[in-house]
Amino acid sequence: MLFHEAQEGNPMFAARAMSGFSVNDIAAAKAFYGDVLGLEVNDGDMGTLRLTLPGGAEVLVYPKDTHEPASFTILNFLVDDVDAAVEELNGKGIRTKIYDDPQLPTDAKGIMRGNGPDIAWFKDPAGNVLSVLKA
């Protein structure tokens with residue numbers, strides 16, 4: 001009900017929402033997300049960044065002096081071919097073999113197969129976990 005009302009002009013809530021996460025170095029995040037991953041990155045208010053994801057959703061990236069990397073995947077990029085995406089990431093110097101955990105059995109490329117959709121995790125410069133996931 002709350003979000004239905006927002007769409008009808010409830011002044012308390014906007015009709016849109018966005019996710020966000022922290023980093024310890026905005027300049028490094030801007031270079032990584034923009035230059036390396038190729039996302040649209042715009043400067044926001046108070047030293048923040050706004051990422052535009054494939055499909056048009058926006059994510060707020062904000063600086064935090066006491067940043068601690070998320071212990072979970074903060075962004076999943078849906079791809080048609082996880083192997084090709086991993087090769088491209090590796091070619092850009094991004095390591096996809098980040099887990100050595102029996103509960104997350106990954107192959108030499110860092111891809112977990114046969115336990116749901118194929119997925120490979122990697123980290124941004126702040127240590128936050130991202131993934132490429134079979135669409």
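In strand S8, Leu133 is the bridge partner of Ile119. The model is predicted, so to speak, under stated limits: local features need pLDDT of at least 70, side-chain atom pairs count only at pLDDT 80 or more, and totals for chains, interfaces and linings use all residues. Residues are numbered from 1 along each chain as its sequence is written, and side-chain values use heavy atoms, with hydrogens and water left out.

Strands S7 and S8 run antiparallel and are joined by five bridges, where helices (H or I, at least four residues) and strands (E, at least two) are DSSP runs numbered from the N terminus. They belong to an open sheet of four strands with mixed pairing, in the order S5-S8-S7-S6; two strands pair if DSSP finds at least two bridges between them. S5 and S6 stand at the edges with a single partner strand each, so one side of each lacks a neighbour in the sheet.

| Strand | Residues |
|---|---|
| S5 | 73–79 |
| S6 | 111–112 |
| S7 | 119–123 |
| S8 | 129–134 |

Thr106 lies in the loop between H3 and S6. Because its relative accessibility is 17%, Thr106 counts as buried (under 20% relative accessible area, with exposed over 50% and partly exposed in between, for a 1.4 Å probe and protein chains only). Leaving aside residues up to four places away in sequence, Thr106 touches Lys97, Tyr99, Ile111, Met112 and Trp121, contact meaning heavy atoms within 4.5 Å.
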